[in-house]
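Subject: Structure handover

Hi there,

Here is the structure I promised to pass on to you. Please open it first, and then read my notes below with the model on your screen.

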Amino acid sequence: MLFVSACSRSDNPQAGDRRVIARINNYELTVADFEPEARASLPGNMPDTEFEKAKESLLDDLITKRILIQAAQKENFDKDKAFVKEIERYWEQALLKLLYKKKSQEILNEISRIEKRSAGPR
C-alpha cells in the first residue's frame, strides 16, 4: 500500500509531497494532505506495528469523511443559505481571533520593551 511507505513518522515530510495515497471519485488524497492529519491525530511514541495500524485507521476515516463530503455536495448542502451563513460566521470569528492574537502579541512585546527600558542602569 503506497500510504504505508509514503507516510513516515518524520517531523519533516517532503514539503508539498503530491504522491497520491487514495483516489475518492475525482478527489486525490496526497501525502501532503495526509501528513498534517497524521501528526495531529497520532501519538509519535507508539510501536511501529501499532503506528501502521493507526495510520490505516486514520486513512479509512479520511476516506469516509471525503465520501460523506462528496455526498453532501451532491445534495447541494454546500450551497444552502444556512450553510453559507454559518461559514460566514465562522470566517468572521476566525478573522477576529487572528487579529486578537496579533494585537495581544504586539501589546506583550511593547510591555516587554517598556520593562526593559525601565530596568536599565540607574
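In these notes, a residue is called buried under 20% relative accessible area, exposed over 50%, and partly exposed in between. Please keep in mind that this is a predicted model.

First, the overall picture. The protein contains 4 helices and 2 strands, and from the N terminus on its elements follow the order α-β-β-α-α-α. It has 122 residues, of which 19% count as buried. If we take the contacts between residues at least 6 apart in sequence, 52% of them join residues at least 24 apart.

Together with Val84 and Ile87, Phe83 makes a nonpolar surface patch of about 230 Å².

Now to the charges. Side chains of opposite charge can pair when their charged atoms come close. The count for this model is 11 salt bridges, and three of them deserve a look here.

One of these joins the side chains of Lys103 and Glu106, at 3.4 Å from N to O. How far apart are the two along helix 4? They are 3 residues apart, so about one helical turn separates them. An α-helix has 3.6 residues a turn, so residues three or four places apart point the same way. Lys103 is partly exposed at 41% relative accessibility, and Glu106 is partly exposed as well, at 34%.

Another salt bridge links Glu110 with Arg113, where the closest N and O atoms are 2.8 Å apart. Both residues sit in helix 4, again 3 residues apart, or about one turn of the helix. Glu110 counts as partly exposed at 33% relative accessibility, and Arg113 is partly exposed too, with a relative accessible area of 44%. Glu110 also meets Arg117 in a salt bridge, at 3.7 Å from N to O. Is Arg117 buried or exposed? With 62% relative accessibility, Arg117 counts as exposed. Salt bridges that share partners also join Lys102, Lys103 and Glu106 into one network.

Asn25 has a phi near 55 degrees, a positive value in a residue other than glycine. Asn25 lies in the loop between strand 1 (20-24) and strand 2 (27-30), and it is exposed, with a relative accessible area of 66%. Asn76 is not a glycine either, yet its phi is positive at about 65 degrees. Asn76 is found in the loop between helix 3 (48-74) and helix 4, and it is partly exposed at 42% relative accessible area.

Happy browsing, and do write back with any questions.

Best wishes

How values were computed: Residues are numbered from 1 along each chain as its sequence is written. This is a predicted model: local features need pLDDT of at least 70, side-chain atom pairs count only at pLDDT 80 or more; totals for chains, interfaces and linings use all residues. Side-chain values use heavy atoms; hydrogens and water are left out. Patches are made of residues with over 30% relative accessible area and no salt bridge: like charges are joined within 9 Å, nonpolar side chains (Val, Leu, Ile, Met, Phe, Trp, Tyr) within 5 Å. Accessible areas come from the Shrake-Rupley method with a 1.4 Å probe; for residues, only the protein chains shown count as cover. A salt bridge is a side-chain nitrogen of Lys or Arg within 4 Å of a carboxyl oxygen of Asp or Glu. Buried means under 20% relative accessible area, exposed over 50%, partly exposed in between (1.4 Å probe, protein chains only). Contact means heavy atoms within 4.5 Å.
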